[in-house]
Amino acid sequence: MAGTEEMIDELSGLALFADLARPELAGVVHTLDEEWYPDGQRILREGLSGTGFYVLLEGEVSVRLGEQEVARLRRGAYFGEAAILLGELPGADVVAVGRVRVVNLAGPALKDFLMRHPNVMFRILQEQTRRLRGAIQWRR
Amino acid sequence: MTSAQKAASLARVGLFAGLPPASLDALAELAGEVAFEDGDPIVIQGQVGTGLFVVVSGAARVVHGGQELARLGPGEFLGELAVIDRQPRMASAFAMGPTTCLALASWDLFRRLDADPDLVHSLLRGLTARLRHLSEHHSH
């Protein structure tokens, strides 16, 4: 388990948290739980409740619809936000590729977290915009 | 349109669903009413976006590469991605018959995003819903 100072250092290197000063990051660190997953473990399961917001610190995850990989996420990426924001069940499986380390926030706490850290929320808004452009272009 | 009428029009837009009245009023103060004649361009593909448009009356035809992608009616919106990431527009839109829109300039919207986490949250939900809709559309 990384100590608070190490975790602050680590999160400050991620784009998602890049706008936060150290005292605010310390608050963030205290809200998040660190978790590990072995290779092949499903972190989120399509259609099953029990949601969370995850930020990937080590390893990779495969986002899968059935047997098909639709995305591969790496360090700094986040997942699980859609089900929470929309109040729906996860739309895909998210599976650990290799050993994975994440920080996790329980679903019900996400809105409050985002409202307290609007810079993080704005980063997510920009990333969703980027993903949306990708999805739209992909279809044409 | 009065500010109250503008706020009522904005309240019907999915992207602003659930915004507190104070947030809607602040947006309404910034929204300009723009009238288009039949065939007038509302946004042009490839241009860097300077505003988000909400159709109040009439309709808009969304065109990409000469192909019609969608028709938007009252309460529907366009131009939101370019406002957030300031990248070129992905499609053009033309008025179908006399059409009135509410226009929110990017710089005004950006200022509101800075001041109003509820607005960021509402846009985030709206974009995430579209992203999920697109990926479901693709997978089934």
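**Entry 1: a residue in H5 of chain B**

I started with Ser135(B), which sits in helix H5 of chain B. This is a predicted model, so everything I note here is about predicted coordinates. Is Ser135(B) buried or exposed? I count 20 C-beta neighbours inside 10 Å, and the cut-off for buried is 20 or more, so Ser135(B) goes down as buried. Next I looked up what Ser135(B) touches once its neighbours within four places in sequence are set aside: the contacts are Gly91(A) and Ala135(A). I also took a C-alpha distance to Gly97(B), which is 38 residues from Ser135(B) along the chain, and got 33 Å.

Before going on I checked the confidence scores. Chain B has an average pLDDT of 91, and 97% of its residues score at least 70. For the model I wrote down an ipTM of 0.89 and a pTM of 0.89. A reminder to myself: low pLDDT is where predicted coordinates should not be read in detail.

**Entry 2: where chain B touches chain A**

The contacts of Ser135(B) with Gly91(A) and Ala135(A) sent me to the contact between the chains. How many residues does each chain put in? I have 23 residues from chain B and 25 residues from chain A. On the chain B side, the elements giving two or more residues are H3 and helix H5, which runs over 117-139. H5(B) supplies the largest share of that side, with 17 residues. By residue type, the side of chain B that touches chain A splits into 12 nonpolar, six polar and five charged.

**Entry 3: another stop in H5 of chain B**

Asp118(B) has 17 C-beta neighbours inside 10 Å, so I logged it as partly exposed. What does Asp118(B) contact, leaving aside neighbours within four places in sequence? I found Leu19(B), Pro20(B) and Ser23(B).

**Entry 4: H1 against H2 in chain B**

Two packed helices are described by the angle between their axes and the distance between the axes, so I looked up both. In chain B, the axes of helix H1 (residues 3-11) and helix H2 (residues 21-30) come within 8 Å and cross at roughly 115°. The crossing of H1(B) past H2(B) is right-handed. Who makes the contact? H1(B) brings Ser3(B), Lys6(B), Ala7(B), Leu10(B) and Ala11(B), while H2(B) brings Leu24(B), Asp25(B), Leu27(B), Ala28(B) and Glu29(B). Sorted by type, the residues of this contact come out as six nonpolar, one polar and three charged.

Then I asked which residues of H1(B) are buried. My list reads Lys6(B), Ala7(B), Ser9(B) and Leu10(B). Looking down the axis of H1(B), these buried residues fall within an arc of 160°, so they line one face of the helix. They pack against H2, strand E3 (51-64) and E6 of chain B.

**Entry 5: Leu30 in H2 of chain B**

Leu30(B) is in helix H2 of chain B. With 17 other C-beta atoms within 10 Å, I put Leu30(B) down as partly exposed. Not counting residues up to four places away in sequence, Leu30(B) touches Leu104(B), Asp108(B) and Arg112(B). I also looked up Leu30(B) against Lys6(B): they are 24 residues apart along the chain, and their C-alpha atoms are 9.7 Å apart.

**Entry 6: a positive phi**

I went to Arg86(B) for its backbone. Its phi is near 55°, a positive value in a residue other than glycine. Where is Arg86(B)? It lies in the loop between helix H3 (80-85) and strand E6 (92-105) of chain B. Arg86(B) has 12 other C-beta atoms within 10 Å, so I noted it as exposed.

**Entry 7: one look at chain A**

Last stop was Leu65(A), placed in strand E3 (residues 52-65) of chain A. Leu65(A) counts as partly exposed, with 17 C-beta neighbours inside 10 Å. Leu65(A) and Gly134(A) are 69 residues apart in sequence, and I get 18 Å between their C-alpha atoms.

Conventions: Residues are numbered from 1 along each chain as its sequence is written. Chains are lettered from A and ligands numbered from 1 in the order in which they are written. This is a predicted model: local features need pLDDT of at least 70, side-chain atom pairs count only at pLDDT 80 or more; totals for chains, interfaces and linings use all residues. pLDDT is the predictor's confidence in each residue, from 0 to 100. Helices (H or I, at least four residues) and strands (E, at least two) are DSSP runs, numbered from the N terminus. Axes are lines fitted to C-alpha atoms, for helices over the stretch in contact, and angles run from 0 to 180 degrees between N-to-C directions. A crossing is left-handed if the near helix is turned anticlockwise from the far one by less than a right angle, and right-handed if clockwise. Two residues are in contact if their C-beta atoms, placed from the backbone, lie within 7 Å. Ala, Val, Leu, Ile, Met, Phe, Trp, Tyr, Cys and Pro count as nonpolar, Asp, Glu, Lys and Arg as charged, and the others, Gly among them, as polar. The arc is that of the directions from the helix axis to the C-beta atoms.
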